[in-house]
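Below are some questions about how features of this structure get their names. Each answer sets a value against a cut-off.

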Amino acid sequence: MVTAKNNRKNSAKSSKTTSKSTGGLWRQLWSFGWKLTLVIVAVLAIYCIYLDQIIARKFEGQKWYLPAQIFSRSMPLYPSAPVSHSQFIDELKLLGYRKVANPRQIGEFSASSTRVELWRRPFLHPEGPQPAQQVMVSFDSNGVASVERLSDHRQLAVFHLEPVLLDRIVTGDGEDRLFVPTTEIPKSVVDGLLLTEDRSFYEHYGINPLAIVRAAMVNLSAGRTVQGGSTLTQQLAKNFFLTSERSLIRKIREALMAIIIDARYSKEEILEAYLNEVYMGQDHNRAIHGMGLASQFYFGRPIGELTLAQQALLVAEIKGPSYYNPWRYPQRAQERRDLVLRLMMEGNKISVEQYKVAAASPLGLRNAARPVHQKLPAFFARVKQELRDRYGDALLKQSGIKVYTTLDPLAQEAAEKAVSATISALDSKNSGLQAGMVVTERYTYGIAAMVGDRNPGYDGYDRAEEIRRPIGSLVKPFVYATALAQGNNYNLLTPLKDQPITLKNEQGQTWSPKNDDRQFSGQVSLLAALTNSMNVPTVNLGMAVGLEAVATTLQQAGWNEPVAAYPSMLLGAVNGSPLMVAQVYQTLANNGRYRQLYAVTAVLDKDNQPLPVSHLPQTEAIDPAVNYLVQYALTQVVQTGTAARLGAAFPGVKLAGKTGTSNDQRDSWFAGFDERNVAAIWVGRDDNGKTGLYGSSGAMAIYRSFLNSRAPLSLRLPPVNGVVQGYFDRDTGVAKQPDCSDVVAAPALADSYHPAANCGESRPWWQRMFGG
């Protein structure tokens, strides 16, 4: 009995001890648990503070590096502007304007044979924002006749088209984007995005647990990832701060960041960031980010001008730009687009009729053959050099700058086509030819086009600017300009000797220049010598006026390298590039005024404020009256001289130009101008080998092809002060009255034009007696 009683006591005591032990363990676990939880919460809080700082720096600082944007010139339209009806329409098409019967919205135009009605887009001009505007542009044979604003029928003094975005200077990360605020993104894009990607965007707090659970169940059931549960905010967090690594740690960090972003910023700010950050495809080595750039990439026009079907396709591409690439997989892209449209219809964002029309629409893609950014290695090299010279090396690394240039996209296109086609045709007889070409705007001195290789897009040796080759007879107009400035000694009909000549230098070496045909005519007029590019009369003239004087004329006209004053210089033993030639012929084309050619007109910073720019000085290099005589002579070169084949190709159009060929036909040159452009072209071989080409058969063929693509505007050569219509004896060049026999009409300097009385004959005795 006692033993049993003791056993019961021991059992109760043991049970009590075990209970105390178990309770102590739970207390220890509880104590450890809440401490651990506190540590985890503290660590999580500290980590969230760390993440918050990262997010704040990104959102409240510079969200993105925006590549520098390079724009073409903004086409100016004003009464008498040298812009033809066809050129204007080509420009509108290049800018993505839609031709319609009756323009009803921004981005549309209609055209008749002499007028164009246009609803221009708003755009940022270097001089300030330009509003959307509806105008009627009228044309005549000289170009623009008038520009009328249709809202009040006011005649505008000047009207600008928006410039073409040529390229963006993308940094090493390869990301390209064009920022567009939410206010400029169509509502249908936002509606389609939310219905397709995140329906509860405005309800959740950065993450959507139900969507995550639902996606997990679907993926488990399918055995693979077929559905995602990420919100737009999570996607933004991943794109902004994380990699594409698939891990639980990354997903947790993504979720935390999404919660912080949602707590810190408004839904509108988050949406704007997403719309400008989302990956939308790949353009070669450039990653397309954001809806604004994607609109240009896929459709070639601003997002505000897209149709409903095009907007839906943009939303569709978010799912997988490679998988749904509309050029490679149009059927996939259309099915995905139609899904977006159906969701919008079911969500009552569009009507059934709108859905049917949009779903029946083609994809409406831009022509994939036309790149969204231009390959302009020669011109961009010139732009970058000017920016370095003016602003330093760091400018292009700044975010959001806008560079406005002088490039004329249509002139560039015509120049590239002319160089490629002509050199390919010449290759059949002479392989290995290369070319360089520069086109400028006659009145603005801006560089309109540059081609540095027979393959214009090749980024290598730039023959438009870097070569130095003898310019041949292109130097001759400056020899004649030097002589004509001596009005009392020379006029266009002054006779020049065309007889064998031998010159000896100080070392006793002799030089005997010859005409190209190896013939001598004894005597020719100054005008005929220049028109037919005769060598011997030119040398005689140059030696008479002085080598130093000719070199000075050339340098005053803009030749920026030393000119050795040797007799051979008179026939073009002067090394230069197409850009250097374009500079001096620009002076001839613009009434003798020199101003340095340029490619950059303005630069705006990220806040659209203009950076300071110094204005290039202008000087009178050649007297305007003398220059007029040279211009007249250059028109005769095209009409009847060495460039007569060019004149025959464009009958009724007044053009000016000069051919040039170096020794042994190693270099073929041409320089010329119409009312709008000046062009300088070189054709040759990189190894300096013989080409078998004259200026007229090589370089001039490129210019002719250029004008075939870009119809020339006939030169207008209005009279200038100091020039009169003169009449000269055909043989002696003596000034005479117009009614004298055997006289030739030609412009002359008024100060030195003194026609002989009585046609140079002695008056009868009775006239002398009576003073008649």
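Q: Where does Val43 lie?
A: In this predicted model, Val43 is part of helix H1, which covers residues 2–60.

Q: Why are H18 and H19 called roughly perpendicular to each other?
A: The axes of helix H18 (residues 578–589) and helix H19 (residues 624–640) cross at roughly 105° and come within 9 Å. Angles of 65 to 115 degrees count as roughly perpendicular, and H18 and H19 are therefore given that description.

Q: Which residues of H18 and H19 meet?
A: Tyr585, Thr587, Leu588 and Ala589 on the H18 side are in contact with Asn627, Val630, Gln631 and Leu634 on the H19 side. Five residues of this contact of H18 with H19 are nonpolar, three are polar and none is charged.

Q: What makes H10 roughly antiparallel to H11?
A: Helix H10 (residues 330–346) and helix H11 (residues 352–359) have axes that cross at roughly 175° and come within 10 Å. An angle over 145 degrees counts as roughly antiparallel, so H10 is roughly antiparallel to H11.

Q: Which residues make the contact of H10 with H11?
A: From H10 come Gln334, Arg337, Asp338, Leu341, Arg342 and Met345, and from H11 come Val352, Tyr355, Ala358 and Ala359. The residues of the contact of H10 with H11 comprise six nonpolar, one polar and three charged.

Q: How do you know that Glu91 and Arg73 meet in a salt bridge?
A: The N to O distance between the side chains of Glu91 and Arg73 is 2.7 Å. A salt bridge needs a side-chain nitrogen of Lys or Arg within 4 Å of a carboxyl oxygen of Asp or Glu, so the pair of Glu91 and Arg73 qualifies. The whole structure has 32 salt bridges.

Q: Which residues does Arg685 contact, leaving aside its neighbours within four places in sequence?
A: Arg685, in strand E30 (residues 677–685), is in contact with Asn430, Ser431, Gly432, Leu433, Arg469, Arg666, Lys690 and Thr691.

Methods
Residues numbered from 1 in each chain as written. Predicted model: local features only at pLDDT ≥ 70, side-chain atom pairs only at ≥ 80, totals over all residues. Heavy atoms only, no water. Helix = DSSP H or I, 4+ residues; strand = E, 2+ residues; numbered from the N terminus. Axes fitted to C-alpha atoms, helices over the stretch in contact; angles between N-to-C directions. Parallel < 35°, antiparallel > 145°, perpendicular 65-115°, else oblique. Contact = heavy atoms within 4.5 Å. Nonpolar A, V, L, I, M, F, W, Y, C, P; charged D, E, K, R; others polar.
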